[in-house]
Amino acid sequence: MSKYNLPKGYSAFQVLFKTKAFLDNPIIFMKNSMSKFGDTYSATIGLNQKIIITQDPNFISYILKENHKNYKKSKFLSENAVELFGNGLLFSNGMYWLKQRRLIQPGFHKEKLKGLYEIVINSIHVSINKFPIGNDIDIFPLVHKISFTILIKSLFDINVPETTMELLGNTFSELQTFFIKDVNKPFEKIIYPFTGEKKKALAKAKVVRTIFKDIIKERKTSKIQFNDLLDMLLNSKYEDTGLEMEEEQVIDELIILIFAGHESTANTISWLFYLIATDKESQQKIAAETKETTILESLNNEYLKAVMYEGMRLYPAAWMTGRETIENDNFKGLSFPKNTIIVPFFYGLHRNKTNWEDADKFYPQRFLNDPSLAKSKNFFPFGAGPRMCIGNNFAIAEIAFFLHAFFAKFTITPTTQIPQMKSLITLKPDKVVLNIARL
Ligand code: HEM
């Protein structure tokens, strides 16, 4: 008998037969498993790797907040990621992570971000002016491209040539595709020396690093003062030594800001478009608020905020995350050994019927009726605890400005096509096909 009390779940043998169903649709698989076993279940992978998956708000909060010191980012994800994307905030651990987080955090405070709003807003206006109108338009690739441009502009407030922009965008998506495959099909690693896939991916990662290196080189010789995230990274100094980051560290963090910030925001905006298109009332209310406010003031638009929260509740771009126990731990009668991987399942948390009324319904008003919901343990769109999203204020501002600029000009209606969920690293819609008309 095991000396640990793990929750019920799948044995290593059962996992072998369930892997395909899991990979086909991880969210549905986890939801079904929870209907079978309850809000927390376990699985054993390989010889003895224990995994616990949970949508229990108290357990998630315990891991991410109350006992966060006993948890680190799981090796399973981060080892692969660091090779491709460098050792930036999202994947680093321990003292190195803490040092970097302390250094970078001030640049993302609300007050500091105000300096970036002009760049974000200008970039949004340029894109919205070119937004197509007509029927059956898949807005997903457009929103994806726009949000990439906004992020690159906020990182480097220079005119990055269109060709470089495209190269960066394509290289990033190729790297992400390889990364997902690498994580989902670890056994294929054996054939990499023959297919050369890994070598190609590493060469692509080098392309991105070289582009950033050139931009940094130019910046260091420039006499102009910029108000972008690159200047923030270059000028931040460690508290203890008073020194700046090494160039390679700056590049690591730039890459991670793009990796963590791009798809998550693009997916959130795309899901919001779909939800708003299907709910006339919310669109009318957003349009009414938009008329009364400037784009900058949209950050305080109460209804818009409720719509954003409700969209992120139903379709959290970060639909899950992963941690690994540093030492043996226990929680409410459960006990588990060190190196157990714990997966907080945010999608399940946000639709848990015990804690949310009409959990699957798009009902923004719930956040106005009870503002405490946005701060509760049942709602973690940006994670929780010390590793909570560093870019949350930036993301909220970008989404609010985008929606304000869009609904000042256009209306949208749904089509018969319902977006399907693709839960890879982030939760993305396969397509968001809408009818768009000018106001
Ligand atoms: C709607 C958009 C976004 C969502 C839903 C989101 C969600 C999250 C979540 C849930 C985490 C925590 C992951 C964990 O605990 O393992 C996280 C971390 C992070 N996010 Fe975001 N994010 C968004 C936008 C952004 C943006 C715009 C940036 C940067 C410009 C960004 C940068 C980061 C970074 C660097 C981390 C790692 C923080 C650390 O570990 O210290 N995110 N994000």
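Visitor: Which helix lies across strands S2, S3, S4, S6 and S9, and at about what angle does it run to S9?
Guide: This is a predicted model. The element lying across strand S2 (40-45), strand S3 (49-54), S4, S6 and S9 is helix H3, residues 57-66. Relative to S9, helix H3 runs at about 120°.

Visitor: Why is one side of strand S1 and of strand S4 left without a neighbour in the sheet?
Guide: The open sheet has six strands with mixed pairing, in the order S1-S2-S3-S9-S6-S4. Strand S1 (9-10) and strand S4 (71-73) stand at its edges, so one side of each has no neighbour in the sheet, and each has a single partner strand.

Visitor: Which residue of S9 stands opposite glutamate 324?
Guide: Strand S6 (residues 323-325) and strand S9 (residues 341-344) run antiparallel and are joined by two bridges. The residue in S9 opposite glutamate 324 is isoleucine 341.

Visitor: Is histidine 68 buried, partly exposed or exposed?
Guide: Histidine 68 is located in the loop between H3 and S4. Leaving aside neighbours within four places in sequence, its contacts are Tyr62, Ile63 and Pro386. Buried requires under 20% relative accessible area and exposed over 50%. Because its relative accessibility is 30%, histidine 68 counts as partly exposed.

Visitor: How many Å apart in space are histidine 68 and arginine 387, C-alpha to C-alpha?
Guide: In sequence, histidine 68 and arginine 387 are separated by 319 residues. In space, their C-alpha to C-alpha distance is 9.0 Å.

Key:
Residues are numbered from 1 along each chain as its sequence is written. This is a predicted model: local features need pLDDT of at least 70, side-chain atom pairs count only at pLDDT 80 or more; totals for chains, interfaces and linings use all residues. Side-chain values use heavy atoms; hydrogens and water are left out. Two strands pair if DSSP finds at least two bridges between them. Helices (H or I, at least four residues) and strands (E, at least two) are DSSP runs, numbered from the N terminus. Contact means heavy atoms within 4.5 Å. Axes are lines fitted to C-alpha atoms, for helices over the stretch in contact, and angles run from 0 to 180 degrees between N-to-C directions. Buried means under 20% relative accessible area, exposed over 50%, partly exposed in between (1.4 Å probe, protein chains only).
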